[in-house]
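Please find below my note on the structure under review.

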Amino acid sequence: MTACPAHRPRLRRLWLLPTARVAGAGGAAGLALAAGLLALLATAWVAAGVLVAAVAAVAGYAYRNRARLAVERRLLRALRDAAPCCPGDVELPGLAGPVKAESTGDGVTRITAEGEHDAVRALGYAMGRDRGFQLDLIRRSGAGRLAEVWGRAAVPADTEYRRLGLAAAARVATERLERPERELLEAFAEGVNAAYAAATPFECRFLSYRPGPWRVEDSVLTSLVLFHSLSYNEQAKRAEAVVRRALPGPVADFLLADAEDPAPPEGLAGHRADAGTPDLVALDRAVAGSNCWIAPGDGQPLLACDLHLALGLPNVLYEVDLAWPGTRLRGLASPGLPVVLAGTNGRIAWGVTNLTADVLDLVPAGQDLRTRTERIRVRGGKPVDVDVTTDGTMPVSETPLCGEKVAVRWTGHDPRAADLRFGRLAHAGDLDEAVAVLDGAHGVALNVLVTDRRRGAHLATGLLPRRPAGTPRTDPADGHLTGPERPRITDPADGILVSANDAGLPEDVFRFGLDLDPGHRARRIRTVLGAAPRHDAAGMRALQHDIAAELYAAYRDLAVAALPPGDPLRALLAGWDGTAATGSRAFGVLVRLREDLAGRVLAPYLAVCREHDPAFRFPFRTLDRPLLAILRARDPALLPAGTRDVDGFVADRVREAAGERPKPWGRLNRVGLGHPFASLVPWANPVLGIRPRPQAGMLHTVRTAVPGFGAAGRVVVTPDELVSVELPAGQSGHPLSPHYVDRHGRWAELPPSRSREGRPGCGYALRPPGT
């Protein structure tokens, strides 16, 4: 095997740069026209003149765009100098013995070592090679130090993270790590640093800096960034407090309904304003979620999991394949953490979803507040000073709540929130051992589904505040639940367990959820799984791509009832097949209809909230419950001012949603992947990104795919093996690697462009220094 596989298959992406496309197209057109004229007229000087004109046009284009051309050259040099190669033998400090590493057609580095720590060192090296800039980007973002390399555009994000105080929380949590987690993170850091020493990521070359050494603290900070993205629900807490302050109890309870079919309270119409701006309703926020389920298979259970996160390049998840005596650990991890979130160790299988836990309280700020000034260094600009006010360890919000200064009590500031004991699942031999690991762990608040070859369980894990059932959601928590107190379901009679961010776990003793998913995905999964006593891997993958859109059936029924017989729109909607298919014109109408109704019907009831909070928005995912209850009440007084006929109101909304000609859902739902550099050099996105394409599914279907958000990874596993993995893009973070976007087609359900079989792999050995 050669040290560096040929680059020709990868260099084709460079033709997507603007100058390459213009020069190539202009030159080709000039040559073609010159050749045609020469053949037609047999006049060389005419053909030569055409060719000179084409060259002059390209030269003129280059001159007019010389500033961008200089940046293109800089990007090309960075890509070339950091082009991925097969490294050969590598000396890796800390190794106890040699480690074998091999990547094949899918780009995943399969690591075989004599011990777990050596395997994790090698994982750090592989992840550092594949995702070096991504690791640095995550830790810089969490520490509020991105503007140092990114420039002024990153100052708002840096300001937010400085005030949040994740870096300080990570330092304290690192000091309190238990020995097994510390040693594992030390081994991982040694591997990452060996990768940084061997090569500088192309993004860092382009930005003219080298990433600093990776530390244990950086992995802890990465876990807190993940926790923040999953659970920092300050907006929802503020919104609920404002709704309850601005409206009477029965009205607030109705708008914040937990019940499936709430009834409009008496006198509701009296609380409707004459108007309300549609932006009062934050519809369909992309909340980090996931689907995960366990079902009986042929001989042993199957577990399927797809993790719903922000989409981008490189992938926000990384496929892991580690082996040491007695264990083969495979699955998906978050870059920067040697912890598998969904996968198998050869004895058990597990997967996670966001618990959507109530882990944040807004409490009155005390009297003993402290303010410090932090300086954000800005690349190419003057430093920016940021005042950070705290009440003890709690950050004090810059924005008052209903005129009162409040502090944010979030479990992520507790050192136990980053204990990383979840990673001990890698050693569990059966379900009982797995449950014991989870009961002893805190960390990120998650649903965990786990199965061995006979039994399964669904547990809540993480640092969960103690909130007795029946207490108001606005009351602060008192302490935290112990492991055995967290809710769970074990060994269901039908062998089926499902979590889709819904209310799947009992809350009859302790309440832990906040703004849980309404359950459309979970119900669909249960319906499909319950239709057969046994399932196979192909059926699990098919269910991951299911696009039944149950939520919209209610809006279809309202629309069909309101439109007159013979109306073409009525026929279109009545014939809807119930799915979010790319070719469905009816579904596109229903999506826009729901958006319009939510803004017009609910906003007048929420208008008073802006008097208490000028930035108020209603963010709750349960808004369909009060919205449909109002529409089904068929009382014009509950609808916007001036409404006299409910059917006429709905019919007008349907026609407005349809427009002159309804568009297929695929025209409205185009999903692509962008690289972070798209904000700096947008013209390079054709090289660095994946262009948007029509995608089936949406937020409320099992197959979740909307612009910027969707399944960041799908796995089907058994306790014995990893059966299938789908990722939005490839394993590598380098655009010239054959593994940069090679897995997108299967994830997007596109026809395969070419087989990956026969693609050159890369095998190398990692050895202790001096051996």
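1. Overall composition. The model is predicted, and the points below should be read accordingly. The protein chain contains 25 helices and 24 strands. Of its 771 residues, 58% are buried. When contacts between residues at least 6 apart in sequence are considered, 72% of them join residues at least 24 apart. The chain exposes about 31200 Å², of which carbon and sulfur atoms supply 54%.

2. Helix H21. This helix spans residues 624-633, and because eight of its ten residues are buried, it is largely enclosed by the rest of the structure. The buried residues are Asp624, Arg625, Pro626, Leu627, Leu628, Ala629, Ile630 and Leu631. Their cover includes helix H13 (249-255), helix H17 (553-562), H19 and H22. Arg634 follows H21 and has a positive phi, near 55°.

3. Gly642 belongs to the loop between H21 and H22. With a relative accessibility of 63%, Gly642 counts as exposed.

4. Ser584 and its surroundings. Ser584 sits in the loop between helix H18 (568-574) and helix H19 (585-606). Its relative accessibility is 11%, so Ser584 counts as buried. Leaving aside residues up to four places away in sequence, Ser584 touches Trp576, Thr579, Lys663, Pro664 and Trp665.

5. A positive patch. Arg592, Arg661, Lys663, Arg667, Arg670 and Arg691 form a positive surface patch. Lys663, one of these patch residues, is also among the contacts of Ser584. Another member, Arg661, lies in the loop between helix H22 (646-658) and helix H23 (665-668). Arg661 counts as exposed, at 61% relative accessibility.

6. Salt bridge between Arg467 and Asp358. The structure holds 62 salt bridges. In one of them, the side chains of Arg467 and Asp358 meet at 3.5 Å, N to O. Arg467 lies in the loop between strand S16 (456-461) and strand S17 (488-490), and Asp358 in the loop between strand S9 (349-354) and strand S10 (360-364), so the pair ties together parts 109 residues apart in sequence. Both partners fall under the 20% cut-off for burial: the relative accessible area is 2% for Arg467 and 1% for Asp358.

7. Salt bridge between Asp439 and Arg488. The side chains of Asp439 and Arg488 also form a salt bridge, at 2.7 Å from N to O. This pair links distant parts of the chain, with Asp439 in helix H14 (residues 431-439) and Arg488 in strand S17, 49 residues apart. Asp439 is partly exposed, with a relative accessible area of 23%, and Arg488 is likewise partly exposed, at 26% relative accessibility.

8. A network of salt bridges. Through shared partners, salt bridges join Asp136, Arg139, Arg140, Arg145, Glu148, Arg215, Glu217, Asp218 and Arg377 into one network. Within it, which residue forms a salt bridge with Glu148? The partner is Arg145, and the closest N and O atoms are 2.9 Å apart. Glu148 is buried, at a relative accessible area of 17%, whereas Arg145 counts as partly exposed, at 34% relative accessibility.

Note on methods
Residues numbered from 1 in each chain as written. Predicted model: local features only at pLDDT ≥ 70, side-chain atom pairs only at ≥ 80, totals over all residues. Heavy atoms only, no water. Helix = DSSP H or I, 4+ residues; strand = E, 2+ residues; numbered from the N terminus. Buried < 20%, exposed > 50% of the residue type's maximum accessible area, 1.4 Å probe, protein only. Contact = heavy atoms within 4.5 Å. Patch = residues over 30% accessible without salt bridge, like charges linked within 9 Å, V, L, I, M, F, W, Y side chains within 5 Å. Areas by Shrake-Rupley, 256 points an atom, 1.4 Å probe, with all protein chains shown as cover. Salt bridge = Lys/Arg side-chain N within 4 Å of Asp/Glu carboxyl O. Lys, Arg positive; Asp, Glu negative; His and termini not counted. Charge placed at Lys NZ, Arg CZ, Asp CG, Glu CD.
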